[in-house]
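Colleague: Please take a close look at how aromatic rings pair in this model, and explain each term as you go.

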Amino acid sequence: MATAAKTPVTEAGQSANRGSWPLWEVFVRSARGLSHVHAGSLHAPDAEMAVRNARDLYTRRNEGVSLWVVPASAIVASDPDAKGAFFESPQGKDYRHAMYYKKSEGVKHL
Amino acid sequence: MSGESATRITPGNALRPEDIAEKVAAGTRISQDVAEYALRLGDDALILAQRLGWWISRAPEIEEDIALGNIALDLLGHARSFLTYAGSAWGKTEDDLAYWRSEPEFRSSFLVEQPNGDFAKTIARQLVFSLYQYELYSRLVNSADETLAAIAAKALKEVDYHRDHAIQWTLRLGDGTEESHRRMKSGLDSVWPYVDELFADDELIDRLAGVAVRPSELRAPFDALLAQVLDEATLQVPEVQPAMTGNRGSQHSEHLGYILAEMQVIAREHPGATW
């Protein structure tokens with residue numbers, strides 16, 4: 001999902017046109033204690049139906065114990081073209097990792 | 001299951017048709033009456049599954065193709081269990097019963113045989129049937145017949161979802177646009193004549209006291225929940241007269257022959273074929 005969908009989230013019954021169902025992003029928690037993980041996306045007329053469609057699409061083989069659906073339009077994503085500025089500048093900055101530092105003599109419990 | 005699955009996908013441990021087939025192979029035999037009752041339950045599920053399968057690739061959105069396909073597969077699972085169990089009375093398998101019985105030998109209700117119509121009519125049929133089936137299975141779990149009770153216990157969770165699916169769509173179509181309201185009302189009117197048959201008692205039910213659920217007992221809770229849903233959906237309970245039905249005998253609606261022709265043709269053209 002690179003860009004947020006521009007389709008407005010409609011209330012139940014208002015999306016009269018075929019193909020106008022908004023897009024939803026689906027997050028599945030596979031077990032208690034784990035985080036919800038992005039599983040994919042789907043179309044649904046409203047939030048309640050989106051949760052149900054998510055159940056049918058993403059949990060029919062016992063994959064989950066909890067589901068979240070989020071309107072795709074509510075997600076603000078990083079710009080794929082800004083990869084350099086966003087994600088490549090930390091390269092070479094080893095000192096941002098703990099392993100860069102040597103253990104000082106005489107420091108216990110490290 | 002052995003070992004740790006990285007994806008934590010497990011099949012669960014509910015009763016499967018294969019488990020029932022094993023018990024039958026090991027010598028389980030049931031009475032004609034119990035088998036006849038299991039046929040009624042299995043045939044309703046089988047014929048509705050066949051009807052709903054038509055929607056795959058034809059629903060308003062692909063998500064709905066999957067939802068209806070999923071419901072159809074759940075129902076097919078119920079049918080497999082009930083037919084496998086019924087077949088033990090006659091030395092027949094689920095496939096013998098599904099593919100090699102002729103129309104008068106089926107015990108399905110007229111409701112499940114009704115055409116899909118538009119999406120609203122299918123939802124109307126789903127609403128009526130899943131409300132009925134939920135009340136039925138939630139009592140069948142207490143049956144003196146342990147196998148029927150176990151099949152119902154597994155199926156009940158599935159039907160709980162079918163019922164929710166039908167209710168959600170009834171609310172949206174009924175209380176949606178003028179056009180969706182008109183279609184939902186028309187769908188309800190067209191399935192309503194076949195509702196009474198679902199709740200009719202007969203001699204078989206009398207003979208199976210404690211094993212079978214009395215259909216007439218389901219009517220009050222069915223009516224109460226249906227009225228509540230229709231009220232919220234700005235719809236009314238139809239005032240349409242009941243149709244003549246087959247009362248679980250050999251008479252069927254004019255639609256069943258066509259359903260069976262399509263459902264049975266491959267098995268009959270290639271007897272004994274496997275894939």
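Modeller: Of the 110 residues of chain A, 26% count as buried, that is, under 20% relative accessible area with a 1.4 Å probe and protein chains only. This is a predicted model, in which local features need pLDDT of at least 70 and side-chain atom pairs pLDDT 80 or more, while totals for chains, interfaces and linings use all residues. Residues are numbered from 1 along each chain, chains are lettered from A and ligands numbered from 1 in the order written, and side-chain values use heavy atoms, without hydrogens and water.

Over all chains there are 12 aromatic pairs, meaning rings of Phe, Tyr or Trp (its six-membered ring) with centres within 6.5 Å. In one of them, Phe82(B) and Tyr137(B), the centres are 6.1 Å apart and the planes stand at 45 degrees, so the pair is tilted (neither stacked, under 30 degrees, nor edge-to-face, over 60). Phe82(B) belongs to helix H3 and Tyr137(B) to helix H6 of chain B, so the pair ties together parts 55 residues apart in sequence; a helix is a DSSP run of H or I with at least four residues. Phe82(B) is buried at a relative accessible area of 0%, and Tyr137(B) is buried at 1%.

The rings of Phe199(B) and Phe222(B) are also tilted, because their planes stand at 55 degrees, with centres 4.8 Å apart. Phe199(B) lies in the loop between helices H8 and H9 of chain B and Phe222(B) in helix H10, so this pair ties together parts 23 residues apart in sequence. Both Phe199(B) and Phe222(B) are buried.

Finally, Trp21(A) forms one aromatic cluster with Trp54(B), Trp55(B), Phe119(B) and Trp169(B).

Notes. Buried means under 20% relative accessible area, exposed over 50%, partly exposed in between (1.4 Å probe, protein chains only). Helices (H or I, at least four residues) and strands (E, at least two) are DSSP runs, numbered from the N terminus.
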